[in-house]
Amino acid sequence: MGKGIFFTSASMLLAILITATLRHHHHHPTNSPPTHYPSNASKLLRSNGFNLMANFLHISPELLHSTPQTIFAIPDAAFANLSIPPYMIKHLLAYHISPTKLTTQDLLNKPLKTCLPTLIHHQTLSITKIANYPNWSKCNKKQVLEINNVLITHPDLFLQQSVTIHCVAGSFAWYDHRQERITLPYCKPDRVELGFIKNKEEWGRVIKFLSSYGFMSFAIGLNSVTDGIVKEYPDLDSVTIFTPPNFALMAMSSSSLLDKFMRFHMVVQRHSFKQLAGLPPGTSLLTLVRGKHVDITENSRVSLVMSINGVVITTPDLFVSKNFVVHGIARALNMDELSSMSR
């Protein structure tokens with residue numbers, strides 16, 4: 001089936017299914033915006049490569065006549081890669097629409113891990129935003145916003161009366177081909193007191209685990225940098241660690257290089273393997289080296305192969321707790337760029 005046929009037929013089906021959903025959720029009459037609103041929204045989406053959503057809005061303009069809402073537009077490529085059955089499209093798209101108007105500034109003003117309602121009852125989205133961490137003001141990416149760990153690539157693409165449209169890097173959910181169902185991430189409000197990682201016992205448990213399971217060198221390195229991390233990131237609330245096989249500590253020419261090495265193998269927030277699997281290739285994860293990211297370079301849900309900066313995750317979810325996740329990787333991440341920089 002050609003791409004044009006796919007987009008047209010899929011859009012028509014979306015219009016029928018989502019319109020029915022919207023009628024179910026919106027019971028009160030509202031003032032209809034001018035008829036050019038849907039056309040303008042479609043043009044903006046299409047000019048930015050979001051043809052599927054553009055076609056849908058063109059075919060179903062009543063979507064923009066509803067009560068306040070925010071639409072998170074999925075890119076064509078990400079939508080096609082899901083290979084989702086047509087009868088599940090309604091469920092997927094409804095999860096990407098919130099019945100509240102949320103501009104970029106509205107999202108930035110909300111706390112990390114705020115749960116946002118969707119058109120699916122009792123199913124919510126979760127906010128992840130780097131801007132929530134004031135200590136990272138020197139990060140080379142400004143006002144980065146993520147929903148369900150998916151980057152908002154085109155914030156406030158469309159703002160009219162009660163409707164906001166943001167374009168995102170990928171789908172907030174994924175399709176489980178084995179169980180033939182859409183998997184929707186669960187949003188749990190963050191009631192954990194900030195600064196939990198100041199508690200050295202949390203780090204100590206991870207260090208003890210690593211030393212007991214054959215990662216003695218990495219455990220020693222982690223122990224040497226814990227005090228500095230606790231002091232520098234008092235508001236850090238969770239961490240993902242990518243630990244390589246034993247490396248030679250003596251090969252590190254200085255304590256500063258060792259510090260950068262360890263921090264480069266740790267990223268902000270807790271990402272289980274399942275959560276990482278829901279992120280598209282190219283997604284950046286902020287490390288504890290200021291302004292430096294690692295990227296998901298391969299993510300195959302079929303072969304279950306995932307790589308970070310070209311290094312394969314060999315032992316996913318090696319250690320999992322409420323605030324930490326440790327993944328084993330095939331080798332150390334490339335340090336060429338970091339060896340010449342000062343932290």
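## Exercises on a predicted model

Among contacts (heavy atoms within 4.5 Å) in the protein between residues at least 6 apart in sequence, 64% join residues at least 24 apart. This is a predicted model, in which local features need pLDDT of at least 70 and side-chain atom pairs count only at pLDDT 80 or more, while totals for chains, interfaces and linings use all residues. Residues are numbered from 1 along each chain as its sequence is written, and side-chain values use heavy atoms, with hydrogens and water left out.

**Exercise 1. State how many helices and strands the protein has, and what share of its residues is buried.**

Step 1. The protein has 10 helices and 16 strands; these are DSSP runs (helices H or I, at least four residues; strands E, at least two), numbered from the N terminus.

Step 2. Of the 343 residues, 52% count as buried. Buried means under 20% relative accessible area, exposed over 50%, and partly exposed in between (1.4 Å probe, protein chains only).

Step 3. The accessible surface is about 16,100 Å², and 54% of that belongs to carbon and sulfur atoms. These areas come from the Shrake-Rupley method with a 1.4 Å probe; for residues, only the protein chains shown count as cover.

**Exercise 2. Check the span of helix α7 and find where its buried residues lie.**

Step 1. Helix α7 covers residues 200–212, which is 13 residues, and at 1.5 Å a residue it should span 18 Å. The expected span is 1.5 Å times one less than the number of residues. The end C-alpha atoms of α7 are 18 Å apart, in agreement.

Step 2. The buried residues of α7 are E202, W203, V206, I207, F209 and L210. Seen down the axis of α7, they fall within an arc of 160 degrees, so they line one face of the helix. The arc is that of the directions from the helix axis to the C-beta atoms.

Step 3. An α-helix has 3.6 residues a turn, so residues three or four places apart point the same way.

Step 4. On the other side of α7, E201, K208 and S212 are exposed. Cover for the buried residues of α7 includes α8 (216–232), β10 (239–243), β11 (266–268), β15 (311–320) and β16 (324–329).

**Exercise 3. Locate N309 and D317, and give the phi of each.**

Step 1. Most residues other than glycine have a negative phi.

Step 2. N309, in the loop between β14 (305–308) and β15, has a positive phi near 50 degrees. N309 is partly exposed, with a relative accessible area of 30%.

Step 3. D317, in strand β15, also has a positive phi near 50 degrees. At 33% relative accessibility, D317 is partly exposed.
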